[in-house]
Protein chains: 2
Amino acid sequence: MRNPIQCNHCSMQSICVPAGLVSSDVELLDKSSREPHVYNKRTMVYSPDQPMHSLFAIKSGSVKCYTIDSEGKQQITSFHLAGDIIGMESIARGAAVTYCEALETSMLCEIKLSRLFAQNFTGVDKNLLQLLSKRLGQRNSHYLNVVNTTAEQRVASFIMAISDHFAEHGFSRSEFRLPMTRTDIANYLGLAVETVSRIFTSLKQQGVIDTQQSILTIKNTPALEKLIA
Amino acid sequence: MRNPIQCNHCSMQSICVPAGLVSSDVELLDKSSREPHVYNKRTMVYSPDQPMHSLFAIKSGSVKCYTIDSEGKQQITSFHLAGDIIGMESIARGAAVTYCEALETSMLCEIKLSRLFAQNFTGVDKNLLQLLSKRLGQRNSHYLNVVNTTAEQRVASFIMAISDHFAEHGFSRSEFRLPMTRTDIANYLGLAVETVSRIFTSLKQQGVIDTQQSILTIKNTPALEKLIA
DNA sequence: AGGGAACATTGACCCAAATCAAGTTTTTAT
DNA sequence: ATAAAAACTTGATTTGGGTCAATGTTCCCT
């Protein structure tokens, strides 16, 4: 059997979350937070939508995190090696957002957040953590939108993301001003201006959107969503 | 003059960081945290390496965040609209990592972290925030590595990132095992397997790296670094 | 209000990397 | 040990989107 308070002797002490605790606090951690669990190659650490109130510290081995799109295609968002702490983008939702699968036999420590939250966290801290976690999720989404997608998909996703933002903040979802230039949009999406321009023109011809200078109108939301798929 | 405690009446109350505070705590915030500042179009909110111990809440308007690479080329990493809170990736370094420029006349509230940290944060909280902020920075880097770069640059950056990780954790920087398949690397970098395979072959022929199955040896670090630049 | 600059659009052409194809090597499971 | 599967490599061909070029439009600024 392992030493039940092995955090004190762990090689990851300096980076692991419990490191911020004084030793009396370490005892507050659940027993499960202190004993590493072995995951064999190709076994799943967590899956999307699975309730998650923990982080995982990789003591040895490695994992890949990935999503599966509507056509069943895997898209890897990150690799993590020994010494990494994973699962941070799940804090905001309280549920995993990706699959996480061992690439080889690996040992991971589960770090339950609940105890930490209850004992130490103030309202501000939680708010900030939520924000950071949410932002991490958004960054992942943007990455997914740029890697392995066509120029048309990128532009369509971009328009939807802006539309979603405005909707979330009480503005019209279907008509708004794009404050950035086409050049900036192209740069952000990793495309040439000319390509963005051509796609706006094509989307207009298809009747999906309309533009008057910087004002953009979404004319056919289902069609736009279908482009993203 | 504005109401000095207008956080209480702000439309962003539900999302803004001070929202986690009870009203007595709001008074602890610096005066500057409660009064929005106007940024005209094309003016800079912050620049890389500038010491930063604040977040910014966008009350109105919009900004773009971007980096400038060694050749002077701008790469936009994010856009932010009214209702967003920005600057989270700076927490880990205590300094800005990107430029942030107003796209139109915008009002931003500065939220100083120092007071919040001093009053409310425990060691764990800080650790977690550091981790999340650092991860956010890494995600940005990976994004920068995939957008607007050639296949060779992506693979070279990937190898360097793995090398850096091992070095950080006390392993050899120049010889290590890649635990993931070429297919996984390709997927992660948004490339075809064949392209990754060809680039590994080419890097071997150039004498930059060597591979024996999954063991990778970096033979010429300066050359590898030069490929990324 | 008008002239210049920045921004946007459209067309012609080209190339980096995808796809298709076929074979080789390594891993895994029995 | 061995066969099947998975992973990797190399070559030939195709293509999405980049680059170059030219023109049109909008936004400033005085």
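1. In which strand of chain B is the place of B:Met107? B:Met107 is located in strand S8 (residues 106–112) of chain B, where strands (E, at least two residues) and helices (H or I, at least four) are DSSP runs numbered from the N terminus.

2. This is a predicted model, in which local features need pLDDT of at least 70 and side-chain atom pairs count only at pLDDT 80 or more, while totals for chains, interfaces and linings use all residues. Residues are numbered from 1 along each chain as its sequence is written, and chains are lettered from A and ligands numbered from 1 in the order in which they are written.

3. B:Met107 is classed as partly exposed because 16 other C-beta atoms lie within 10 Å; the scale calls a residue buried at 20 or more such atoms within 10 Å of its own C-beta, exposed at 12 or fewer, and partly exposed in between, with C-beta atoms placed from the backbone. Apart from neighbours within four places in sequence, B:Met107 is in contact with B:Pro36, B:Val38, B:Lys59, B:Ser60 and B:Gly61, contact being taken as C-beta atoms, placed from the backbone, within 7 Å. The C-alpha atom of B:Met107 is separated by 46 Å from that of B:Gly170, the two residues being 63 apart along the chain.

4. The bridge partner of B:Met107 is B:Ser60, and the strands S3(B) and S8(B) run antiparallel, joined by 6 bridges; two strands are said to pair if DSSP finds at least two bridges between them. Strand S3 (residues 54–60) of chain B is mostly covered, with 5 of its 7 residues buried. S3(B) also pairs in the antiparallel sense with strand S6 (residues 85–86) of chain B over 2 bridges, and there B:Phe56 has B:Ile86 as its bridge partner.

5. Chain B also has an open sheet of 4 strands in the order S2-S7-S4-S5, with antiparallel pairing. Strand S2 (44–46) and strand S5 (74–81) of chain B stand at the edges with a single partner strand each, so one side of each is left without a neighbour in the sheet. Neighbouring strands of this sheet are turned by 30° against each other on average, direction ignored. Within the sheet, strand S4 (residues 62–68) and strand S7 (residues 99–102) of chain B pair in the antiparallel sense over 4 bridges, and B:Val63 has B:Ala102 as its bridge partner in S7(B). H5(A) packs on this sheet, touching S4 and S5 of chain B, and its direction makes about 110° with that of S5(B); such angles run from 0 to 180 degrees between N-to-C directions, and axes are lines fitted to C-alpha atoms, for helices over the stretch in contact.

6. Chain A has an open sheet of 4 strands in the order S2-S7-S4-S5, with antiparallel pairing. Strand S4 (residues 62–68) of chain A pairs with S5(A) in the antiparallel sense over 7 bridges, and A:Lys64 stands opposite A:Phe79 in S5(A). H5(B) packs on this sheet, touching S4 and S5 of chain A, with a direction about 110° from that of S5(A).

7. In H5(A), the buried residues are A:Ile185, A:Ala186, A:Asn187, A:Tyr188 and A:Leu189, and just after the helix A:Gly190 takes a positive phi of about 70°.

8. DNA strand C is surrounded by 17 residues, the closest being A:Thr181, A:Arg182, A:Thr201, B:Thr150 and B:Thr195; a residue is near a molecule or strand if its C-beta atom, placed from the backbone, lies within 6 Å of it. H6(A) gives the most to this surface, with 6 residues. By class, the surface near DNA strand C has 5 nonpolar, 8 polar and 4 charged residues, where Ala, Val, Leu, Ile, Met, Phe, Trp, Tyr, Cys and Pro count as nonpolar, Asp, Glu, Lys and Arg as charged, and the others, Gly among them, as polar.

9. DNA strand D is likewise surrounded by 17 residues, the closest being A:Ala192, A:Thr195, B:Thr181, B:Arg182 and B:Thr201. H6(B) gives the most to the surface near DNA strand D, with 6 residues.

Definitions and conventions
Two residues are in contact if their C-beta atoms, placed from the backbone, lie within 7 Å.
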